[in-house]
Amino acid sequence: MKIFNYPSPEAEKRVQDTIDRGLGFSREDQDNVQAFLDDVKKRGDEALIEYTNKFDSPAVTLDTFKITEQEFEDALEQMTPQFLKALDRAVEQLTAFHSRQRENSWMDTPRNGVMVGQMVRPVAAAGIYAPGAKGGKTPLVSSVLMGGIPAKVAGVKSISLMTPPMADGKINPHLLAAARAVGIDSVFKAGSAWAIGALAYGTSQVPKVDVIVGPGNIYVALAKKIVSGTVGIDMIAGPSEILIIADETADPECIAADLLSQAEHDLLASAVLVTDSQALAQKVSAAIEPQLNSLPRKDIAGQAINAFGAILVVPDIDTAIDLSNRLAPEHLEIMVESPFDYLDRIQNAGAVFLGPYTPEPMGDYIAGPNHVLPTAGTARFSSALSVSHFTKKTSLIHYSKAAFETEADDVITLAQTEALDAHANSVKIRRK
């Protein structure tokens, strides 16, 4: 892994390359996704089955498209006690964290005769997307939990899960066990852009939803981008990112492992170490290759490290934090002697992992906070998936006659300034 002294022109180029890799979509991909969405909107379940048969499994039919109760029961019987123990812990801890995010409706009387307030209500229906990683052989259980739990905590009554089937037409049983643990009853065997279209527009079997969340490939991301506005979405997710700020007290083997934990996601993943210790930089660089060579996904991780990985040696930790705020990473690990001393200076990050025993995967699965996080620098203005993504807030206003009279002239003045005479007349007419 290459070491750069920062600041320098060479280091700045690597930083800028990481920033610029962004969220670009080709015109061809956009046209293809739009065609899938239009077809699903027009032909509904017929289009869903056609695309599922063509791209995922010829075994899926209209009658087997939705998971049955028997399939849920069969899946649960296949689970090991070890998996169920881990699943129960994850559900319990994620639910506890997200329960802290609930917002209450409120009313206030800030002036005599005036009541204002906010009514918080859950959306009626939500759609969760879980990718069919490696043809369903590596089930992304955490995607089900991270999408379904905040929806359930918010009070959403109807939650549908879309996930592509395996070649035999089945869904990996671990995904079904996770769906049942979260409280998701409707699971459908469809993936990619057509699954997003089904959730956004509804079909005879798939209920139309109000919010769609969950990760996926470029077709899923594009489909969510296109239907955004018709429905709410969590975010347009880009490649995974990790930035580690470390000093001489950090363990180089742990840092190397943490960098690779994100580099293995995809070819565009970014893994960056920023340190004030030249000695640590050398040790981490040396530790990368042996760990990389032992990974099943070493080709992907290796290419990502070469293209968007870097070890940046900075004059001090303050410079490291300034650089981190500029990059606004999805995952930020602070592995310094006193990590909490620097926390108040962190402005932009999806999630912050503090100390030597808090690797990023703890947050991916079980810590409690959501792992659906802003990428590509969008942590500058956006946040992790939360309960608030599944709620809407309605403003409440009431005036007594006396309060109306007190403020009417000011409303008339402002309305007439904007040349909106009907607005002004709406107030004037109540004085007659």
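1. Alanine 419 lies in the loop between helix 15 and helix 16 (421-428), where helices (H or I, at least four residues) and strands (E, at least two) are DSSP runs, numbered from the N terminus. Its phi is near 60°, a positive value in a residue other than glycine. Alanine 419 is exposed, with a relative accessible area of 59%; buried means under 20% relative accessible area, exposed over 50%, and partly exposed in between (1.4 Å probe, protein chains only).

2. The model is predicted: local features need pLDDT of at least 70, side-chain atom pairs count only at pLDDT 80 or more, and totals for chains, interfaces and linings use all residues. Residues are numbered from 1 along each chain as its sequence is written, and side-chain values use heavy atoms, with hydrogens and water left out.

3. Alanine 328 is buried, at a relative accessible area of 0%.

4. The peptide bond from tyrosine 6 to proline 7 is cis, with omega near 5°. Proline 7 belongs to the loop between strand 1 (3-5) and helix 1.

5. The model contains 19 salt bridges, a salt bridge being a side-chain nitrogen of Lys or Arg within 4 Å of a carboxyl oxygen of Asp or Glu. One network of salt bridges links Asp39, Arg43, Glu46 and Glu50.

6. In helix 1 (residues 9-20), lysine 13 and aspartate 17 are 4 residues apart and so separated by about one helical turn. They form a salt bridge in which the closest N and O atoms are 3.0 Å apart. Lysine 13 is exposed at 54% relative accessibility, whereas aspartate 17 is partly exposed at 30%.

7. Lysine 401 is exposed, with a relative accessible area of 63%, and glutamate 405 is partly exposed, with 31%.

8. Aspartate 318 and arginine 345 meet through their side chains in a salt bridge (2.7 Å, N to O). This pair links distant parts of the chain, 27 residues apart: aspartate 318 is in helix 13 (residues 317-327), and arginine 345 is in the loop between strand 12 (331-335) and strand 13 (351-354). Aspartate 318 is partly exposed at 39% relative accessibility, and arginine 345 is partly exposed at 29%.
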